[in-house]
Each structure stands twice: as C-alpha cells, then as structure tokens.
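Have the viewer open as you read.

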Amino acid sequence: MKKLFTIVAAAMISASAFAQAHCEWTAAQLPAAKFATADEAVAAGYNTLWTLPDYLGMPACDLINNENIQVSLPLAYNYMSVGSGKYSGSNYTFKLIMGMNNSTRDGIDPDMFLEGLENNDYVRKAADSDQGNPVYDAIIKVNVKSANYGAITLRYNRGGNNSAMYVVDSTKLKRVLWSVTRCPDDNIQTHVARFGVEPGHTYYIMASEKSSVELYGIEYDECADADYEVLASEENCTDLWTAAQLPAAKFATADEAVAAGYNTLWTLPDYLGMPACDLINSGNVVVSLPLAYNYMSVGNGKYSGSNYAYKLIMGMNNSTRDGIDPDMFLEGVENNDYVRKAGDSDQGNVVNDAIVKISVPAESTYGRVILNYNRGGNNSAMYVVDQTKSMQVLQSTTRCPDDAVKTHAAVFNVQPGHDYYVMSSEKGSTELYAVGFCSAADAKYATLGTTGIENVTVNTVVPADGKIYSIDGRFVGKDMNNLAKGIYIMNGKKFAVK
C-alpha cells in the first residue's frame, strides 16, 4: 500500500499561534498550486486580471500581526502572479509583485514618498481587475509595535535586470535602505537585504523596478531574540575580514604595540592607531581603512557582542547621536566634519575613529555586504553612502538592552564600479567585528536563505475542493490511489506518496 505523509499545513496557522520575537511571512503562504480557472481564484477571495487565474489582486491584509510587529499590504488590491520563471529565485507558485510607476528603473526619489498610497505617483497600477477594482503593485507597510529595537530581513529577486529595494521611515521621513541588486541570467538567486528598525516607527517598503520584483519573504527579529544575530562567515561570504585578524591578545606594553606597527594613545597599549590598510583586497572587492590612523581598542566589555581582544572603533563627530546627514558626506575624509578625532598619538599623528571604504571594481560582479558591529545599550546607526552616486544605501538603527548584548548585522547590496563609505553615528563607541562580501555569481550568495515557514501568519484562503496538484502546479485528479511517487498538494497542504 502506498504511504501518505502530511508534510505541512501552514495555511491553517492563525495569528494567535505565535507572539515570539522571531516571525516571518514567506511566499509559501500564498496558494501552493495554480488555480485551474479564474472562477476558482475568485472563489478563494482574489480579484482576477484579464480573466486569467495567473494574475490576481490580493486583498489588503496583514502578513504578520502579533504583539511585536504588524507587516501588512495596505493597498486595497495587491498584484500577485506566477512570476517569470527566468527571474524566479525561489520556486513558489505565486509571488507578490512589487514595482513603482517609473520607466527608467531606479529613477525614483523615495525620500519624497508620503502616505496616501493610492494617490501617490510612486504606486504603479497593474490594471483594473475583472471585478472593477484597481490592482496595484505591492507596497509593504511595517509598524513596529514592540518596545525593543529589531531587524527586518527582505528576500526578493529581479534576476538579470537592475533593480533597487527602497525602505522609507515615514515616522522620521527618511530613507532607511537603498539596496541595488543584480544576478547574471545564468545564476538566479534570492537577494537578501537587512536593516534595523526602531520602536514606534512605521516603514514603507517599495521596489524601483517596474512590475518585476518578486517578493519571497519578510522576517522580523527582535534584538533580544537568538535569530537576531546574523554573523559574517566563510559559509556565507566569498571575502571576509573579522576582528580576529587584529592582535589576538592585548599588548603587554606601549613599546610592544609600537614595535608591532601601531601608534599609541596616552602611552597605553589598550588604545591604538592602526595605519591605513586594506582589510580585504581581492578581484571581487577592496575593503580598506582610508584614514592615516584608525582608532582601535580593547573596547567596552559591557557592550561587546564578540569577544575579540581588540576591535576597530567607529564613530562620528556629533554629540546628539544619529544627528548627522550622511547624504552630505563627501570624499576627503581627513578634512570632513563627520570624522571624529579620538586623539593625537604619542607619535604625533592624528588618530580618527574608523571609516570603512568599500570599492567594488568595475570588472567585479554585483554582490552583498554583511556588517557585524555593536553598541549595546545605546542607540546608534550604521550609515552606508554610495559615493559614486552620492546617495545613501543604508541607515540601520540598532539597540540591544543591556541584558541582551548581541552582534548587530546589516545586509545590503553593492554594484560594480562603485565606492561606498561606512560610518557609525555613535560618538566613539561602535565596535566593528566583521565585513563580509559575497558575489552574486557565487553559490554562497544564497546561503542566507529563509529559515522555514514556521511561526507565520497566513491570510489566504485555499478552496477545500479535493483537487490534487503536482508540486509544479499541474492538476492530477482527485484520487490519491492513482498517484505516482512524489510530492503533491491538496487543499493547500503538501503530502508525499511513497
């Protein structure tokens, strides 16, 4: 007798099933098989486009809603389709489609985005549905209800065409993320971007590409949760620098530190100036310390998320925290008002808080960068500025409570021929632990993949009609006894025949 094994019934999980800090929505929560007819799609609660079941309007709903966070589709009807197989980084039957009302790609100014979604020039109308409702490319709204800071991870794809994922903090009317992505056509992978969010703020997530970005997943991790830590490693980076490459033990005397090539501050071996150098220099990327001498110390144990003997110390020349405008940052770092001087060294040189420069050679590929750092109990932000376009790439606000010190992580995309500067807003306090780069053409690019479909809120309705579909969406009848070995879907549930 054939054995039937139920794999997952994710579509029946309710919002009350979780309230933990880690939660996620994935495209696996959309219908797992293509509707056979437009009538079936309508019966399941969707609007149809062009009388086809492949192109649908998904009603406004919450993708995630618990005591920590609300992630929603605020538009009345949101475009969802089977997507383009050419650009699909994940093999879901349906995907949410995101895109803006621009024809030049990456030409919008998300800083000007204001709430009032249907009337906003950025919202692209896919079409009027067969039911008479406008169906728009999806915009995602995020309300942080938790009293703690956290991080959002986005998983999406566009494949062979250039696109950008924008995030706007509407509470402060500032841009949080501008993450450009591209994979070569023969290497379609899921892109990942990650940024910090803060309590009481509302964020809008938009894609610049016109009706092409496929959204696969959104995750939220509160800073106190174990899943908050995403560490740059050899498993997920092609090129890596970590603070483990700094001296592994504290110098016994200032003379020892000087003999090793460092400048000393206040005649102490705990506070050093590290000469300008390349942290990473490969065909993929050059990550460097461009300042003549860069502040490095044993760090503050209270706020240390990683137990390295020495850390690079980053910080800007401001007293109010997060008060700088990194869009105004210009190259010429020693003369720039943003650079904070830690002190004059005993050798007479100026030692500045570190700024990191990331240069992606024109002959390299698109890729992503992971930053690992910490400040602990004080609010701080990590800024990344694309100097080539003079535009901000990332502003990732972080905070951990004092009793839950964790390593912060920000993930953003970079493109060939561009130079980026990484700065911390905190005055002389942010400890840098790692910078990792991964080429989009490398298999490791996909190793930041989704963790699964547990702990999700589902708001789609799947008809309980007893129809059975193959994993690729083909209708195969209603009789389980006539099925060959394999994985099938019935009434929104996967099962295996062995």
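Start at strand β6, residues 95-98. K95 and I97 point one way from this strand, while L96 and M98 point the other way, and all of them are buried. Bear in mind throughout that this is a predicted model.

Who are the partners of β6? Strand β5, residues 69-81, runs antiparallel to β6 and is joined to it by 2 bridges. On that side, S81 stands opposite K95. Strand β15, residues 213-222, is also antiparallel to β6, with 3 bridges joining the two. Here I97 is the residue to look for, as it stands opposite E214. Side by side, the pairings look like this:

| Partner of β6 | Residues of partner | Bridges to β6 | Direction |
|---|---|---|---|
| β5 | 69-81 | 2 bridges | antiparallel |
| β15 | 213-222 | 3 bridges | antiparallel |

Now step into the loop between β5 and β6, where you'll find G83. Is G83 partly exposed or buried? Its relative accessibility is 26%, so G83 counts as partly exposed; the buried class stops at under 20%. What does G83 touch once its neighbours within four places in sequence are set aside? The contacts are K95 and E214. Both names have come up already: K95 is the β6 residue opposite S81, and E214 is the β15 residue opposite I97.

Next, the nonpolar interior. In soluble globular proteins, nonpolar side chains tend to be buried together. In this chain the largest nonpolar core has 98 residues, and I140, L154, I358 and F412 touch the most other members. Take I358 as a way in: leaving out neighbours within four places in sequence, it is in contact with V285, V286, V287, V369, F412, H418, D419, Y420 and V422.

Finally, zoom out to the whole chain. The chain has 33 strands and 2 helices. Buried residues account for 59% of its 498 residues. As for the surface, the chain exposes about 18700 Å², with carbon and sulfur atoms supplying 48% of it.

Definitions and conventions:
Residues are numbered from 1 along each chain as its sequence is written. This is a predicted model: local features need pLDDT of at least 70, side-chain atom pairs count only at pLDDT 80 or more; totals for chains, interfaces and linings use all residues. Side-chain values use heavy atoms; hydrogens and water are left out. Buried means under 20% relative accessible area, exposed over 50%, partly exposed in between (1.4 Å probe, protein chains only). Helices (H or I, at least four residues) and strands (E, at least two) are DSSP runs, numbered from the N terminus. Two strands pair if DSSP finds at least two bridges between them. Contact means heavy atoms within 4.5 Å. A nonpolar core is a set of buried Ala, Val, Leu, Ile, Met, Phe, Trp, Tyr and Cys residues joined through side-chain atoms within 4.5 Å. Accessible areas come from the Shrake-Rupley method with a 1.4 Å probe; for residues, only the protein chains shown count as cover.
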